[in-house]
Amino acid sequence: MSASTFVPYNDNLEQKQENEDEIIDSVVASMMRVNTRVFDKHRHAKRDAHAKCHGVLTGHVTVYGNLPAHLAQGVFARPATYPVVIRLSTAPGDIHSDKLPSPRGMAIKMLGVDGPQFLPNRQDAKTQDLLLVNHPVIAFGHAAAYLKTQKLLEKHADDPDMVRRIVAALARGGSKALHALGIDNPVVDTLGAPNNHILGETFFSMAAVRYGDYVAKLCAAPLSDNVRALTGQPLGDDADDSALRNLVVDFFNGQGAEYELRAQLLTDIDKMPVEDASIEWPQEDSPYQPVAKLTIPAQQAFSPARRVFADDVLSFNPWHCIEAHRPMGSIMRARIKAYEASSRFRHEMNAQPRIEIDDIGQVPD
């Protein structure tokens, strides 16, 4: 594919929804009420999403050489190696058993990144965060649709059985349960997510980001044979509440892993909308193309010090980014307020500093 195939980045690709600021404020207010209730339950503040951690890893991203011009953009503009810290997680904002199918996450913080940061208060930072989930789309792909889901979760926040049903419906594609509760979106029907080994998953940005001169979605896909062999491997019937953590710890005790970072560039704004992250961009029109390799060596993946550092001190945020990779679309605009509010609450309530690391040696063993 030639560079002329891809839609150039410009500010007009984004169009705010009617009353979007008020909708986002309502989403954030609901999230904070739920955060407070979760804190009162655990006496410890959790992330409003991806609260449960399954492993904290360090490694490095190596950008491939000789990338074509349309892929050699932003942090991938030239061959380079970036240290990274990675947090593996499950999507809900509370702690549930790993027996429950649920979207899984891979958050990557790249260090030593050059280029102006997008947020004005981060101009001294040298990091680029990639927040990825093991599904290519978000079921409710814009702020107004997501507010319905958030209100539903808030309504049932004190009813663990109902929350589990909602999360299970999202993960298994059981959308009728959500439709009956007033959530009607056909994309929910595509969210079947078997309860598989987390290390065999492919993780997606779901929403669009600026990709230098272009626009893209990103993913991290298993590359080395040992993690490719885990793709689609279900958890056993004897899986316990911490099955995913146990699998991650056991795996990295004796071996490393490789994943490949890939970019899917925007080619058609009508078929590949920026504003609705519930619509999957067709890969037959624009396939994911390799840009870098993520290498994770063998290590202790869940030491107490490392878990506390990742859960309580670090923040992973799609808006922790350089200008060349700023998030795009309604859901991403909602996240700029949501992530800041959640992070501030979590750090204040847990009496922990909020730092942005600049050296991988700051991550404890």
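**Exercise 1. List the residues that H320 touches, leaving aside its neighbours within four places in sequence, and decide whether H320 is buried or exposed.**

Step 1. Apply the contact rule, heavy atoms within 4.5 Å. H320 then meets K109, Q117, R122, T127, Q128, D129, S315 and E356.

Step 2. Helices (H or I, at least four residues) and strands (E, at least two) are DSSP runs, numbered from the N terminus.

Step 3. Check the accessibility. H320 is buried because its relative accessibility is 12%; buried means under 20% relative accessible area, exposed over 50%, and partly exposed in between, with a 1.4 Å probe and protein chains only.

A word on the model: it is predicted, with local features needing pLDDT of at least 70 and side-chain atom pairs pLDDT 80 or more, while totals for chains, interfaces and linings use all residues. Residues are numbered from 1 along each chain as its sequence is written, and side-chain values use heavy atoms, without hydrogens and water.

**Exercise 2. Describe the surroundings of D311.**

Step 1. Locate D311 in helix 7, which spans residues 304-313.

Step 2. With a relative accessible area of 12%, D311 is buried.

Step 3. Beyond the neighbours within four places in sequence, the contacts of D311 are R47, C53, R87 and R346.

Step 4. Now compare sequence and space: H50 is 261 residues from D311 in sequence, yet their C-alpha atoms are 10.0 Å apart.

**Exercise 3. Work out how helix 1 and helix 8 are arranged.**

Step 1. Two packed helices are described by the angle and the distance between their axes. Here, helix 1 (residues 20-42) and helix 8 (residues 330-349) have axes that come within 9 Å and cross at roughly 30°. The axes are lines fitted to C-alpha atoms over the stretch in contact, with angles from 0 to 180 degrees between N-to-C directions.

Step 2. Helix 1 and helix 8 are therefore roughly parallel (under 35 degrees; over 145 is roughly antiparallel, 65 to 115 roughly perpendicular, and the rest oblique).

Step 3. Look at who meets whom: residues of helix 1 including I24, M31 and F39 face residues of helix 8 including A334, A341 and F345 across the contact.

**Exercise 4. Sum up the whole chain.**

Step 1. Count the elements: eight helices and nine strands.

Step 2. Of the 365 residues, 58% count as buried.
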